[in-house]
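This report describes one protein model for a reader who has not seen it before. Please keep the sequence and the structure in view while reading.

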Amino acid sequence: MASVVEYKGLKAGYHCGYCDSEEGKASCGMWAHSLTVQDYQDLIDRGWRRSGKYVYKPVMNQTCCPQYTIRCRPLQFQPSKSHKKVLKKMLKFLAKGEISKGNCGDEPMDSTVEDAVAGDFALINKLDIKCDLKTLSDDLKESLENEEMKKEKNSKKEESNESIHSQAIEEKLGSGQPSHSIKVHTVPKPGKGADLSKPPCRKAKEIRKERKRLKLMQQNPAGEHEGFQAQGQPPSLFPPKAKSNQPKSLEDLIFESLPENASHKLEVRVVRSSPPSSQFKATFQESYQVYKRYQMVIHKDPPDKPTVSQFTRFLCSSPLEAEYPPNGPECGYGSFHQQYWLDGKIIAVGVIDILPYCVSSVYLYYDPDYSFLSLGVYSALREIAFTRQLQEKTSQLCYYYMGFYIHSCPKMKYKGQYRPSDLLCPETYVWIPIEQCLPSLENSKYCRFNQDPEAVDEGRSKEPDRLQVFHKKAIMPYGVYKKSQKDPSEEAAVLQYASLVGQACAERMLLFRS
């Protein structure tokens, strides 16, 4: 199905969640009734971003806190010292139940969380464009409803197959673990008494020799099956080391094997949120309760604010169509919740979109009781590992989009610490390595990052007459539609929309006009 959008125009002078300015924020927005994953990929590559079904683009040279789209390059990603600290802290907690004290401060309040989405959300509520299709004419409603009925029939069929098939895929994928077989060498675990016979203090050299001897003994590598859970690996005294001198990979650090008697078990599952899979429906209430506590404790929301309908509209509804091309990831493209299960209960959920070229992080919420685990940073690292895993099958899916980087807002600058990363030039829409952008951002909140003064926006709207309009039950090019229009403000709105979405999207997406 084609993307159907309803352009809402410029909204300026509303509250900003970043700098708390009462009326400094400016953005253009549209209500997306449906979006193909390719259209949304192209939109985020032009600075757009979604919040539920509302898709918005900050007016960069006007808004108080310019929001630059940021993407990390997972294939070249190297965890920093503080990232390694967070991963080790998690392993310690899982293995021994240890909670490191005074260590929560190394993480911003919440990673991948858009504080200011709250501002945009207030705006959406103000516009009162709930998920009903009131704003659409009855004609489009009818045609969408027919589509929905078709979809429902299909999804009923799918769901019966899905419960068998997708449980396996979703769970395997959720771990972010490389999908090729991983060899986990196991060694017999000595009993408690075994250590008593050893001299209390042994030289490092001796220990190394012993390690070598044990390695040679390991003739029976176990655990080569693929889909095992993130931390559900067979125990091993000495986890497989990266080749000497080589730094440990992100996967080595995340999937280090735990002792047999580990205190906790962590499992990561990816469940499709739109259309909702059976696993998503089965865990909806539990997931919502985590969100509610998170909003109340971390964002100080009053208890009546994080309602089920707000949660659904903001984090479960998505305009993205589920797509399953043969060369795509096993779980398909679209919108998902990545659930972190600790000892059988959900402690965090990362809301993500899987698109043709990237995993795009939408939001993260977690149980505040587990703040000590720095779940913001931990989940971002897991999402980077997950992107690497998807890339093994779908080679062009090789970026991790972290939403917006706001240099003028100290608590949002942490996103720049996942290197290497790029920022999107707000004028030419090309990606520039963040190191090259930072000096300019120190001098000015708004910057054109592309240093070539001749460069222009290559994807700009060049032929607005070819833009597709959905009007009175018919699809027509804008060139035809405009002949029936008397209102000059109508032309201004359509041309503004065309300039913001670019030529390719303007020709593919249907712009609804009542």
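## Pairing in the central strands

Ile352 has Ser361 in S9 as its bridge partner. The model is a predicted one, in which local features need pLDDT of at least 70 and side-chain atom pairs count only at pLDDT 80 or more, while totals for chains, interfaces and linings use all residues. Residues are numbered from 1 along each chain as its sequence is written, and side-chain values use heavy atoms, with hydrogens and water left out.

The protein has 12 helices and 15 strands; helices (H or I, at least four residues) and strands (E, at least two) are DSSP runs numbered from the N terminus. Of its 514 residues, 53% are buried, where buried means under 20% relative accessible area, exposed over 50% and partly exposed in between, with a 1.4 Å probe and protein chains only. Taking contacts between residues at least 6 apart in sequence, 73% join residues at least 24 apart; a contact means heavy atoms within 4.5 Å.

## The sheet

Eight strands form an open sheet with mixed pairing, in the order S6-S7-S8-S9-S10-S5-S11-S12. Two strands count as paired if DSSP finds at least two bridges between them. Strand S6 (266-274) and strand S12 (431-433) are at the edges with a single partner strand each, so one side of each has no neighbour in the sheet. On average, neighbouring strands of this sheet are turned by 35° against each other, direction ignored.

| Strands | Sense | Bridges | Residues opposite each other |
|---|---|---|---|
| S7 and S8 | antiparallel | nine | Phe336 and Ile352 |
| S8 and S9 | antiparallel | seven | Ala348 and Tyr366 |
| S5 and S10 | antiparallel | four | Cys72 and Tyr400 |
| S5 and S11 | antiparallel | three | Ile70 and Leu423 |

Strand S8 covers residues 345-354 and strand S9 residues 358-366. Nine of the 10 residues of S8 are buried. A hairpin of three residues leads from S8 to S9. The hairpin of S7 and S8 has two residues between the strands, and Asp343 there takes a positive phi near 50°.

How many of the residues of S5 are buried? Five of its five are, and S5 is mostly covered. Tyr68, Ile70 and Cys72 point one way from this strand, whereas Thr69 and Arg71 point the other way.

Helix H1 (residues 37-44) lies across several strands, among them S5 (68-72), S7 (334-342), S10 (399-405) and S11 (421-424). Axes are lines fitted to C-alpha atoms, for helices over the stretch in contact, and angles run from 0 to 180 degrees between N-to-C directions.

## Helix pairs and the core

Helix H7 (residues 278-297) and helix H8 (residues 308-316) pack at an angle of about 110°, and their axes are 11 Å apart. H7 and H8 are therefore roughly perpendicular to each other. Angles of 65 to 115 degrees count as roughly perpendicular, under 35 as roughly parallel, over 145 as roughly antiparallel and the rest as oblique. Residues of H7 including Phe280, Phe284 and Tyr288 meet residues of H8 including Phe311, Phe314 and Leu315. By class, this contact of H7 with H8 has nine nonpolar, three polar and no charged residues. Ala, Val, Leu, Ile, Met, Phe, Trp, Tyr, Cys and Pro count as nonpolar, Asp, Glu, Lys and Arg as charged, and the others, Gly among them, as polar.

The axes of helix H2 (residues 81-96) and H9 come within 10 Å and cross at roughly 100°. That angle makes H2 roughly perpendicular to H9. The contact of H2 with H9 has seven nonpolar, one polar and no charged residues. On the H2 side are His83, Val86, Leu87 and Met90, which meet Leu375, Val377, Tyr378 and Leu381 in H9.

Helix H2 also holds Leu91, which is buried with a relative accessible area of 12%. The C-alpha atoms of Leu91 and Glu256 are separated by 7.7 Å, although these residues are 165 residues apart along the chain.

Which residues touch the most other members of the largest nonpolar core? They are Met30, Tyr365 and Tyr418, in a core of 123 residues. Helix H9 (residues 375-393) gives the most to this core, with nine residues. A nonpolar core is a set of buried Ala, Val, Leu, Ile, Met, Phe, Trp, Tyr and Cys residues joined through side-chain atoms within 4.5 Å.
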